[in-house]
Amino acid sequence: MEITEPCRVSPALQQYAWGRQAPDCFVAKLFETSRGPYAEAWLGAHLNGPAYVKVGSSILPLAEAAADFTNSALAKVLAVAQPLSIQVHPPADVAKQLHAADPENFPDPFAKHEAVVALTPFYALSGWRPVAEIAQALTLPQFGPVITDEIRGQAASPGPNFVKEVVRRLLSATPTQIAEAIEAIPQDGGTSKVDRWLQAARSWYPNDVGLLFFYLLQLRKLDVGDVLETPAGVPHAYLHGECLEVMAPSDNVARCGLTPKHIDCDAFLSSCDWGKTSTAGSPVEEDGVKRYTFAAAPFCIEMLERGALIDKNPTRSRVVVALDASGEFVVGDQRFPLHGTESWLLASSLPEHHIDLDRGKVACFSARS
Ligand SMILES: [Zn+2]
């Protein structure tokens with residue numbers, strides 16, 4: 001069935017406990033009839049939560065309506081009210097080994113590169129801090145119960161495996177040692193942003209070794225429209241805010257903290273690529289359209305904040321998310337109103353078309369061949 005006009009998309013809601021309870025977020029607005037928590041709206045073809053498209057009188061899975069999205073990237077709108085687990089996605093070579101050894105916990109042999117574009121101010125931990133900062137942090141009293149004299153000795157002139165050894169040590173500490181370390185974190189401790197986020201996380205995860213990772217990972221703040229790109233192998237935890245997240249279609253994750261789930265120390269250590277980090281940045285902007293492309297990933301994002309997004313010769317399909325928007329799609333001499341927070345498919349089979357925006361924002365997600 002050739003699609004010749006814009007079609008409404010129904011995303012898949014994921015109600016994880018860390019999501020926002022109140023309906024004042026984009027995820028909730030995409031699902032008017034559901035109750036919270038509103039965590040993720042999936043806008044892809046993933047089997048665990050495929051989006052559906054209304055084409056004429058038929059309802060089709062997204063991958064059937066637009067072949068571009070078969071086995072390609074997945075986009076999600078997130079509403080993060082509580083910190084997510086500190087996690088890393090294994091690079092391809094490690095993913096292959098982990099999947100062969102433990103297919104239940106590592107369901108595919110692929111690397112997962114991910115990126116977030118902030119829809120509100122957005123906070124995350126992402127990437128290791130510089131080694132000198134980590135060495136300095138280990139002198140704090142809270143590391144006394146968990147760090148050995150041997151590691152303390154290395155801190156003066158850290159070798160290439162220093163951070164890995166620190167992490168290994170933290171993840172092999174006993175529950176008593178972790179409790180003593182966390183007890184030593186001052187309750188009113190400090191006025192820095194890291195201290196404030198640590199105290200917030202402590203209220204949700206009071207005895208969790210992940211609290212100590214606030215001293216090892218970089219705190220990132222994204223303003224609306226900023227992007228944070230996290231390659232496979234780089235540890236991260238999203239702390240708060242709303243974003244559009246896009247990722248390669250893999251579900252492999254190894255966790256090290258801020259989670260009630262099992263922590264697999266060996267899988268976490270082997271999944272880290274110690275030489276890599278994440279990058280925060282701004283997009284390229286032209287005529288009111290911000291474009292985000294990623295060298296290592298098969299997807300791209302466009303964000304329209306004013307004016308028009310024009311596609312004279314469509315070669316790829318777009319999933320479009322209107323965000324408190326008012327405007328219209330124009331296809332030939334036909335007009336289709338766009339209002340509020342809703343999602344649409346602009347299939348590659350459409351003739352020349354454009355999106356006219358009067359108010360709000362429109363985010364577009366497309367697979368890149
Ligand atoms: Zn992740």
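Here are a few friendly notes on the fold and domain layout of this predicted model.

1. Let's start with the overall make-up. Nine helices and 21 strands form the secondary structure of the chain. With a radius of gyration of 22 Å, close to the 21 Å that the globule rule gives for 369 residues, the chain is as compact as a globular protein of that length.

2. Of the 369 residues in the chain, 44% are buried.

3. Sequence separation is worth a look as you trace the chain. Take the contacts between residues at least 6 apart in sequence: 76% of them join residues at least 24 apart.

4. Where do the two domains meet? In the contacts between them, domain 1 takes part with 15 residues and domain 2 with 17 residues. On the domain 1 side, the elements giving two or more residues are strand 9 (122–128), strand 13 (254–257) and helix 9 (265–271). Helix 9 provides the largest share of that side, with three residues.

5. The side of domain 1 that touches domain 2 has 13 nonpolar residues and two polar ones, and no charged residues. If you want to view this surface in the structure, helix 9 is one of the elements to look for.

Terms used. Residues numbered from 1 in each chain as written. Predicted model: local features only at pLDDT ≥ 70, side-chain atom pairs only at ≥ 80, totals over all residues. Contact = placed C-beta atoms within 7 Å. Helix = DSSP H or I, 4+ residues; strand = E, 2+ residues; numbered from the N terminus. Nonpolar A, V, L, I, M, F, W, Y, C, P; charged D, E, K, R; others polar. Rg over C-alpha atoms; globule rule 2.2 N^0.38 Å. Buried ≥ 20, exposed ≤ 12 C-beta atoms within 10 Å, placed from the backbone.
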